[in-house]
2 protein chains.
Amino acid sequence: MPRSQQAGLDGVYAAIADPTRRAMLTVLAGGEVKVGTLADRFPMSFNGVSKHVKVLERAGLVTRRVHGREHWLRLKPAPLREAARWLEYYRAFWETRLDALERLLVPRARHDRRVRP
Amino acid sequence: MPRSQQAGLDGVYAAIADPTRRAMLTVLAGGEVKVGTLADRFPMSFNGVSKHVKVLERAGLVTRRVHGREHWLRLKPAPLREAARWLEYYRAFWETRLDALERLLVPRARHDRRVRP
DNA sequence: ACAATATTCTACCAAGTGGTTGAATATATG
DNA sequence: CATATATTCAACCACTTGGTAGAATATTGT
């Protein structure tokens, strides 16, 4: 799988590495909320929240619908699916290579043959 | 699931958010390598590589076995398993809530009933 | 003992992050 | 119109990050 397809995921992993932003996604999963409503739920300045939202937007995890002076935020699950898929793909790939290596190095210590006392 | 159990994963997600470090994990999946050998494979100073390795170590993804003047690095897949598990868990959680909401809001536009012309 | 090797540690730099405050902008309401 | 509301933008701060270079440390080989 080409590096180019992977590039977009950097932002997603970076975004979910922050517990505040994960908490925001959980709030967003309950439906659209305004930036201000989101800000009320976090022990942080309005602007602090606004910045986190921008990070989530840049990662493609959240979209914004401006209605008058209100900005409504909506969770976009697609990049999460991608991120989960890739992580699992790589996890399996890395682990398989590692397991294969171990099988090569450890010369098959059979379980059904007892060591002579 | 308590927040405390989640805390360790921040480092893992942050670590894999960097493509250089993901590439390093792929190299490490091929078996133990010295820091220097790893450094030879990346277009970066030895010290740069050493720093990335420390990030991977702090995230628990890599362990170090010092043998004389050589430091051998080994991939530890356990935190990756955890990270993949949690990401999938949350992905499903967020998406399920979102889907439930959509089912609530969109009042079941049946497919098998045609609109009158 | 000496020189080469493998590595970290310290210091530095530019850029990014997480957070703040204050000003600016756009919109709604009296 | 004037004012309150919802939000961004700009500046700033302390800290982290990704990278560099140079000095220090530990080990090996001659």
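Which residue takes a positive phi in the hairpin of S2(A) and S3(A)? In this predicted model, that residue is Gly68(A), with a phi near 65 degrees, and the hairpin has 2 residues between its strands. The hairpin is a handy place to begin, and the sheet around it comes next.

In chain A, 3 strands make up an open sheet in the order S1-S3-S2, and their pairing is antiparallel. Strand S1 (33–34) and S2 of chain A are the edge strands; each has a single partner strand, so one side of each is left without a neighbour in the sheet. Strand S2 of chain A covers residues 62–67 and is joined to S3(A) by 6 bridges, the two running antiparallel. Two of the facing positions can be named here: Thr63(A) stands opposite Arg74(A) in S3(A), and Val66(A) stands opposite His71(A), again in S3(A).

In chain B, helix H2 (residues 19–28) packs against H4(B) at an angle of about 75 degrees, with the axes 10 Å apart. Angles of 65 to 115 degrees count as roughly perpendicular, and therefore H2(B) is roughly perpendicular to H4(B). The residues that make this contact are Thr20(B), Arg21(B) and Met24(B) on H2(B), and His52(B), Val55(B) and Leu56(B) on H4(B). Sorted by class, the contact of H2(B) with H4(B) has 3 nonpolar, 2 polar and 1 charged residues.

In chain A, the axes of H2(A) and H4(A) come within 10 Å and cross at roughly 75 degrees. The helices H2(A) and H4(A) are therefore roughly perpendicular to each other. Here H2(A) contributes Thr20(A), Arg21(A) and Met24(A) to the contact, while H4(A) contributes His52(A), Val55(A) and Leu56(A). By class, the residues of the contact of H2(A) with H4(A) divide into 3 nonpolar, 2 polar and 1 charged.

The contact between the chains takes 26 residues from chain A and 26 residues from chain B. On the side of chain A that touches chain B, helix H1 (3–16), helix H2 (19–28) and helix H5 (78–105) of chain A each supply at least two residues. Of the elements on this side, H5(A) gives the most, with 12 residues. By class, the side of chain A that touches chain B has 16 nonpolar, 4 polar and 6 charged residues. The interface residues of chain A are, to 100%, also interface residues in chain B, so the copies meet through the same surface. Chain A is superposed on chain B by a rotation of 180 degrees with 0.0 Å of shift along its axis, at an RMSD of 0.0 Å. That is the relation of a two-fold axis.

Helix H4(B) gives the most to the surface near DNA strand D, with 5 residues. This surface near DNA strand D has 4 nonpolar, 10 polar and 6 charged residues.

Around DNA strand C there are 20 residues, of which Ser45(A), Gly48(A), Gly68(A), Lys34(B) and Gly36(B) come nearest. Two or more residues of this surface come from each of H4 of chain A and helix H3 (35–40), H4 and S3 of chain B. Here H4(A) gives the most, with 5 residues. The residues of the surface near DNA strand C divide into 4 nonpolar, 10 polar and 6 charged.

Terms used
Residues are numbered from 1 along each chain as its sequence is written. Chains are lettered from A and ligands numbered from 1 in the order in which they are written. This is a predicted model: local features need pLDDT of at least 70, side-chain atom pairs count only at pLDDT 80 or more; totals for chains, interfaces and linings use all residues. Helices (H or I, at least four residues) and strands (E, at least two) are DSSP runs, numbered from the N terminus. Ala, Val, Leu, Ile, Met, Phe, Trp, Tyr, Cys and Pro count as nonpolar, Asp, Glu, Lys and Arg as charged, and the others, Gly among them, as polar. Two strands pair if DSSP finds at least two bridges between them. Axes are lines fitted to C-alpha atoms, for helices over the stretch in contact, and angles run from 0 to 180 degrees between N-to-C directions. Angles under 35 degrees count as roughly parallel, over 145 as roughly antiparallel, 65 to 115 as roughly perpendicular and the rest as oblique. Two residues are in contact if their C-beta atoms, placed from the backbone, lie within 7 Å. Copies are superposed by least squares on the C-alpha atoms of residues with pLDDT of at least 70 in both. A residue is near a molecule or strand if its C-beta atom, placed from the backbone, lies within 6 Å of it.
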